[in-house]
Amino acid sequence: MVKVTLSSGTAQQFTNGVTEVNVEAKNVRQMFKALEANFPGLGEEIQTSMSVAIDGVILPDPFLEEVTEASEIFVLPKIGGG
Amino acid sequence: MNEQPKQFKWVGTRAIRPDGVDKVTGRAMYGADLSLPGMVEGKVVRSPHAHARIISIDTSKAEALNGVTAVITAADMPVADSKPVASGEAMINFKDLANNVLAREKALYEGQAVAAVAAKTADIAEQAAALIVVNYEVLPHVIDVMEAIKEDAPVLHDDMFTGGVKPKPEKASNVANRVEFALGDADAGFAAADLVIERQFTTEPVHQGYIEPHAVVADMNPDGKVDVFCSSQGHFMVRAFCSQLLHIEMSKIKVTAAEIGGGFGGKTTVYLEPLAIMLSRKSGRPVRMTMSREEVFRGSGATSGAAMTIKMGATKDGKITGAYAELYLQAGAFPGSPVGPAAMTAFAPYDLANVKVVGFDVVSNRQKVVAYRAPGAPISEYGVESVVDELASELGIDPIEIRSMNGAKEGTQAAYGVKFGTIGFQETLDAAKATEHFKTPLGPNQGRGVASGFWFNIGGESCAGIRINEDGSISLTEGSPDIGGSRASMALMAAETLGVDYNKIKPSVVDTDATGYHFVTGGSRVTFATGMAVVEASKAAIDELRARAAQIWDVDVEGVVWEDGHAKPASTNVGDFEPMSLAELAKVANKTGGPISGHADINAKGAGPAFGTHICDVEVDPDTGHVTVLRYTAVQDAGRAIHPGYVEGQIQGGAVQGIGWALNEEYIYDENGCLENAGFLDYRVPVASDLPMIDAIIVEVPNPTHPFGVRGVGEVPIIPPLAAVSNAVAAATGVRFNRLPLSPPTILAGIAAKK
């Protein structure tokens with residue numbers, strides 16, 4: 001199981017306010033799939049509109065990255081810049 | 001810059017920029033400089049109303065004018081899908097982008113394009129534009145962000161329902177989205193505080209103020225292929241957006257990046273480019289379009305104006321126990337303000353256990369917001385850094401000390417969730433405190449302000465090619481438009497990696513047919529991400545050079561190492577061979593397998609967060625309210641300064657833009673929602689004579705994920721000035737204004753109220 005931490009705003013929309021959710025996944029692709037299955041709309045929302053930070057590294061387009069029980073995973077808005 | 005041990009031969013030197021001579025002698029080609037045979041000139045017709053329904057557009061008189069080659073309206077443009085895409089600081093929607101490029105049903109701000117013409121001369125185009133008759137139904141408008149969220153405010157989009165809330169609202173409103181971040185329990189944090197300060201702040205929208213207006217030349221051939229030459233922060237972005245908007249395959253569009261006279265985020269989207277392509281298609285000729293300065297103000301995006309509440313609590317010894325922010329950011333006519341980054345960065349410089357940030361993205365009848373250096377961060381961090389200053393003042397604690405005792409360090413969890421790796425915030429505070437500036441006494445009516453800032457920095461897609469020419473010179477190709485001297489930085493990193501003379505390398509920013517996809521030049525990403533691609537491409541070329549030497553020496557490639565620009569035997573066991581230089585290997589490349597090159601196509605990860613701390617001294621004239629910036633020092637962690645001169649330039653430029661935001665810049669609208677100061681005479685940006693030299697101090701805490709430690713520098717320096725200036729003015733006057741800009745009337749009113 002991997003622990004995925006959502007912002008409180010995202011949690012209110014998709015997980016009844018629960019900011020930490022656990023899903024079975026070995027990589028980000030599986031994580032998205034599991035999140036979508038458990039919380040309809042969430043996996044899709046993250047893939048299209050959000051970034052994921054794994055162990056402090058913000059990834060705008062994560063997909064194949066490995067995740068483990070020890071991974072610190074946060075879901076964030078996309079970040080660009082000027 | 002701090003004295004660093006000499007580690008590199010080229011990285012960290014102040015080499016002459018490869019594009020410098022062309023730029024100072026007027027040879028460099030900017031967007032408006034290209035002229036093609038048969039080229040015609042384009043002109044945009046813009047809405048005179050802040051909010052109006054377009055009933056009809058009659059183009060017949062314009063089309064009949066001698067010399068007119070094409071007239072277009074939204075009817076000539078495919079109806080775009082409602083499809084989100086990442087652009088700059090926000091997700092955008094192609095339906096919105098299409099409407100921003102050319103209004104279809106409603107004009108949502110004064111200056112929005114509603115039609116365009118092309119004609120043999122600019123004068124004829126202007127006459128034709130005046131002959132286009134647009135019949136409008138004028139609608140009530142709203143500009144101010146807090147007015148726009150009122151129940152009875154005119155609603156811009158009757159199909160827009162606030163996102164980020166559950167259940168989905170049943171009534172359309174101007175609030176496009178809500179974001180929220182929380183860590184711990186903010187209320188519990190306030191309960192534990194000895195002092196709680198809550199303040200409301202406002203900031204005005206400001207324009208990026210790039211010197212070069214938007215400009216493009218587009219040429220569509222009869223077979224449907226398109227050449228575009230334009231001023232842009234991302235020619236791949238231009239290709240992608242035009243492809244989507246006009247339903248043209250990407251492979252048929254070649255975009256060449258002109259030299260660019262500033263962008264600062266404002267050129268991370270398209271305005272004229274799709275129009276020029278449509279006019280070229282209809283004219284059968286190349287079309288050039290340029291914006292006037294007035295059009296830049298009326299028709300292109302600024303950053304958000306904002307209103308916010310900031311609340312922070314601290315113990316009497318200065319430990320911050322709780323923090324709360326509520327942010328309302330204008331998005332302009334379509335959703336997509338930088339409220340997300342504003343919310344994430346607000347408290348990021350601090351190690352806080354109890355924090356909550358709520359943000360709202362609000363549409364109103366003004367230009368669609370587009371990125372501006374560190375989008376959103378200057379706004380939210382202005383409020384936070386003002387309250388931190390007030391906490392320090394009330395508690396009798398040095399303003400740098402309170403930041404240091406609460407400042408983020410390696411392992412700190414930011415309010416937006418991520419734990420920082422190696423960061424250099426404390427080092428910027430230490431460097432600021434050690435300056436002679438911070439210790440210098442002040443005189444009457446003078447004040448000193450301190451503020452800090454944080455930005456994430458980003459990576460993203462970049463490519464690079466290293467081609468070793470027959471004579472040993474090197475052609476370096478990449479596709480990130482050079483705004484701040486990046487060609488020099490790329491060449492320095494290549495020279496360092498290859499072990500060759502910097503002057504042997506010619507870097508080029510090539511067109512979209514000549515390299516792979518690059519994300520825009522923005523987010524302080526190019527030196528990090530494209531630099532990483534250059535290093536990888538250089539290493540690939542080195543691998544090939546080693547292989548060629550191995551062939552010549554008839555040894556295994558593992559027996560060849562690359563040192564100081566030469567192939568050498570890895571040990572005496574390999575054999576007794578004279579080292580071969582890159583030039584010697586290049587000379588015989590035809591005999592060892594042909595041309596030698598290295599390429600890298602990457603999606604760079606691991607951008608290093610960056611922090612800065614600024615010190616500002618001002619003198620306030622109590623009779624006129626005029627603020628003079630006496631002295632300014634900006635300290636920033638660059639990770640590694642590849643070219644210190646250009647890093648200092650970024651720091652100085654960002655600081656100046658932030659000072660302008662703090663003191664002068666604002667949009668002034670009349671009662672009809674029309675802009676009254678669409679020019680640099682009335683929209684006052686700081687010029688060289690207004691300011692002292694900005695002293696830039698570079699701190700280097702290397703980013704471990706980059707081969708040379710680069711973090712990126714362009715975003716951070718615009719963040720601290722808003723609060724640094726405001727805090728200095730508060731110290732000079734004894735009045736906390738809590739609104740920007742601090743123009744003379746505002747200062748005088750504050751001083752009078754205090755009396």
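Since the model is predicted, local features need pLDDT of at least 70 and side-chain atom pairs count only at pLDDT 80 or more, whereas totals for chains, interfaces and linings use all residues.

**Stop 1: chain A**

Select chain A and switch to cartoon. Helices here are DSSP runs of H or I with at least four residues, strands are runs of E with at least two, and both are numbered from the N terminus. The radius of gyration is 12 Å, close to the 12 Å of the globule rule for 82 residues, so chain A is as compact as a globular protein of that length. That radius is taken over C-alpha atoms, and the rule is 2.2 Å times the number of residues to the power 0.38.

Along its principal axes, the C-alpha trace of chain A spans about 35 × 25 × 20 Å. Buried residues make up 49% of chain A; buried means that 20 or more other C-beta atoms, placed from the backbone, lie within 10 Å of the residue's own.

**Stop 2: where the chains touch**

Now show both chains. Here 39 residues of chain B are in contact with 24 residues of chain A, a contact being two C-beta atoms, placed from the backbone, within 7 Å. To see the chain B side, pick β4 (84-87), β9 (175-183) and α10 (339-345) of chain B, the elements that give two or more residues to it. The largest share, five residues, comes from β9(B).

**Stop 3: a sheet in chain B**

Next, look for an open sheet of three antiparallel strands in chain B, in the order β6-β2-β8. Its edge strands are β6 (106-107) and β8 (133-138) of chain B, each pairing on one side only; strands pair if DSSP finds at least two bridges between them. Zoom in on β2 (residues 52-58) of chain B, which two bridges join to β6(B). There, A52(B) stands opposite A107(B).

**Stop 4: chain B as a whole**

Zoom out to chain B, with its 20 helices and 28 strands. Its C-alpha atoms fill a box of roughly 85 × 75 × 50 Å along the principal axes. Buried residues make up 58% of its 755 residues.

Definitions and conventions:
Residues numbered from 1 in each chain as written. Chains lettered and ligands numbered in written order. Buried ≥ 20, exposed ≤ 12 C-beta atoms within 10 Å, placed from the backbone.
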